[in-house]
Amino acid sequence: MSSKRQPPPPPGAERRQHARFELLAQVELRIGGEVSLLPVVNLSAGGVLVDASGDHGDLPLGAEVKVFLAAYTGAAPFSIEGKIVRIDRRPDGVVGALAVMWTSADAAAQAGLTKLLERLKR
């Protein structure tokens, strides 16, 4: 077996580790004492991309967040912790989307996410 390292992917190449699922749902995103209700763009085992268009105040990169997710899939609603790892801005500088990476080690949150993803795979 060769120990040769693979070259890095070219710029703009797909780097996702988890399958993404489009989902008609909204999440409650809790940052400190503020709560924003935001639509989901897509969801994966690694995190969620939410549409943050509009005025949602200052959403700092690296902020710890709590996400409450209730989807119309038959999976039970659940809360899971994460952090903002990317902020996509529109050409006018306004926030367009937020990428949240899951950080929760809570077994119930992980079970809720797993159940939801299994339903979405069908």
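These are my notebook entries on a predicted model of one protein chain.

**Ground rules.** I number residues from 1 along each chain as its sequence is written, and my side-chain values use heavy atoms, leaving out hydrogens and water. Since I'm working with a predicted model, local features need pLDDT of at least 70 and side-chain atom pairs count only at pLDDT 80 or more, while totals for chains, interfaces and linings use all residues.

**Entry 1: the overall layout.** Reading from the N terminus, I get β-β-β-β-β-β-α. My labels are DSSP runs numbered from the N terminus: helices are H or I with at least four residues, strands are E with at least two.

Entry 2: How much of the chain is buried? I get 34% of the 122 residues. For me, buried means under 20% relative accessible area, exposed means over 50%, and partly exposed is in between (1.4 Å probe, protein chains only). The chain exposes about 8,000 Å², with carbon and sulfur atoms supplying 52% of that. Those areas come from the Shrake-Rupley method with a 1.4 Å probe, and for residues only the protein chains shown count as cover.

I also checked contacts, meaning heavy atoms within 4.5 Å. Among contacts with a separation of 6 or more, 52% are between residues 24 or more positions apart.

Entry 3: Next I checked the length of α1, residues 107-121. Its 15 residues should span 21 Å at 1.5 Å a residue, and the end C-alpha atoms are 21 Å apart, so that agrees. (The expected span is 1.5 Å times one less than the number of residues.)

Which residues of α1 are buried? I noted Ala109, Gly112, Leu113, Leu116, Leu117 and Leu120. A reminder to myself: an α-helix has 3.6 residues a turn, so residues three or four places apart point the same way.

On the other side of α1, Ala107, Ala108 and Lys121 are exposed. The cover over the buried residues of α1 includes β2 (34-43), β4 (64-71), β5 (78-89) and β6 (95-102).

**Entry 4: the core.** I then looked for the largest nonpolar core, and it has 30 residues. Such a core is a set of buried Ala, Val, Leu, Ile, Met, Phe, Trp, Tyr and Cys residues joined through side-chain atoms within 4.5 Å. Leu43 and Leu116 touch the most other members. Elements giving two or more residues include β1 (25-31), β3 (47-51) and α1. The largest share, five residues, comes from α1.

Zooming in on Leu116, I skipped its neighbours within four places in sequence and found contacts with Leu23, Leu43, Leu69, Ala71, Thr73, Ala75 and Phe78.

Entry 5: Ala25 lies in strand β1 and counts as buried at 9% relative accessibility. Not counting residues up to four places away, Ala25 touches Leu38, Pro39, Val40, Leu69, Ala70 and Ala71.

Ser36 sits in strand β2 and, at 14% relative accessibility, is buried too. From Ser36 to Val67 I get 31 residues in sequence and 9.8 Å in space, C-alpha to C-alpha.

Where is Ser44? I found it in the loop between β2 and β3. Ser44 is buried, at 1% relative accessibility. A polar atom of the Ser44 side chain lies 3.0 Å from the backbone nitrogen of Gly46.

Methods:
Polar contact = N/O pair within 3.5 Å; in protein donor to acceptor, adjacent residues only side chain to side chain.
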